[in-house]
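Please walk me through this structure, starting from the chain as a whole and ending with a few single residues.

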Amino acid sequence: MQLPRGTFLTIKRSTKFGDLFSELHEMKFTGVCTISYKTGNGTIVFKHGKRILAEFQNTAGDSAWEAFQKIITEKADASLSSLSEAQIQLSLEFNKTCLVATGTKTEIPAPLDKPVPPPVRTPP
């Protein structure tokens, strides 16, 4: 994944994936979570606490997120860095193959499907 350099926040040692993801969701974290796990490394980008990009071992996007879900009770080390709104947009632009679509219906606003009624004309 190609990501802009964020502002380093902290390192979390020996933290369960599930607890870490819950914490990041609750605090509405916007940034990068880089994970070091015994079988490989991974990266998840969050925007306001919702996952938007993921990469784990040799998988990306929904497959990567599913791989994280299989080890949700395992412990790992994680590094957290915040990203600005502009950096999030760049991350999305350069990492389209890493998009997490599962469960993101509320994250991406849907277009309005309502037809606009014609203007009402009154005779002169």
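The paragraphs below go from the overall chain to its sheet, its helices and then some individual positions.

What is shown here is a predicted model, and the confidence of the prediction is therefore a reasonable place to begin. Over the chain the mean pLDDT is 85, with 81% of the residues reaching 70 or more. Residues 104-116 form a stretch in which pLDDT stays under 50, and for this stretch the model has five contacts beyond four places in sequence.

The chain holds three helices and six strands, and when it is read along the sequence these elements follow the pattern β-α-β-β-β-β-α-β-α. Of the 124 residues in the chain, 35% are buried. The chain exposes about 8,200 Å², and carbon and sulfur atoms supply 55% of that area.

The strands come together in an open sheet of six, whose order is β1-β6-β2-β3-β4-β5 and whose pairing is antiparallel. The edges are taken by β1 (7-16) and β5, and because each of these has a single partner strand, one side of each is left without a neighbour in the sheet. In general, the strands of a sheet pair through backbone hydrogen bonds, either parallel or antiparallel. Here β1 pairs with β6, residues 75-82, in the antiparallel sense over seven bridges. Two positions let the reader follow this pairing: Thr7 has Ser82 of β6 as its bridge partner, while the bridge partner of Phe8 in β6 is Ser81. Strand β6 is also joined to β2 by six bridges, and these two strands run antiparallel; among the residues involved, Thr34 has Ser79 of β6 as its bridge partner.

Helix α2, residues 62-70, lies across β2, β3, β4 and β5 and runs at about 85° to β4. Helix α3 spans residues 85-94, and one of its residues is Ser91. Ser91 counts as buried because its relative accessible area is 0%, and, once its neighbours within four places in sequence are left aside, Ser91 is in contact with Leu3, Pro4, Leu53 and Leu83.

Thr15 is placed in strand β1, and with a relative accessibility of 16% Thr15 falls under the 20% limit and so counts as buried. Not counting residues up to four places away in sequence, Thr15 touches Leu20, Glu74, Lys75 and Ala76.

Most residues other than glycine have a negative phi. His48, in the loop between β3 and β4, has a phi near 55°, which is a positive value in a residue other than glycine; at 45% relative accessibility, His48 counts as partly exposed. Gln57, found in the loop between β4 (50-56) and β5 (59-60), likewise has a positive phi, about 50°, although Gln57 is not a glycine. With a relative accessibility of 40%, Gln57 counts as partly exposed. Leaving out residues up to four places away in sequence, Gln57 touches Thr39, Gly40 and Asn41. Gln57 and Ala67 are 10 residues apart in sequence, and their C-alpha atoms are 8.9 Å apart in space.

The cysteines make a last topic. A disulfide is a covalent bond between the sulfur atoms of two cysteines. How many disulfides does a search of the whole structure find? The search finds zero.

Methods. Residues numbered from 1 in each chain as written. Predicted model: local features only at pLDDT ≥ 70, side-chain atom pairs only at ≥ 80, totals over all residues. Heavy atoms only, no water. Helix = DSSP H or I, 4+ residues; strand = E, 2+ residues; numbered from the N terminus. Buried < 20%, exposed > 50% of the residue type's maximum accessible area, 1.4 Å probe, protein only. Contact = heavy atoms within 4.5 Å. Disulfide = S-S within 2.5 Å. Pairing = 2+ DSSP bridges. Axes fitted to C-alpha atoms, helices over the stretch in contact; angles between N-to-C directions. pLDDT = per-residue confidence, 0-100. Areas by Shrake-Rupley, 256 points an atom, 1.4 Å probe, with all protein chains shown as cover.
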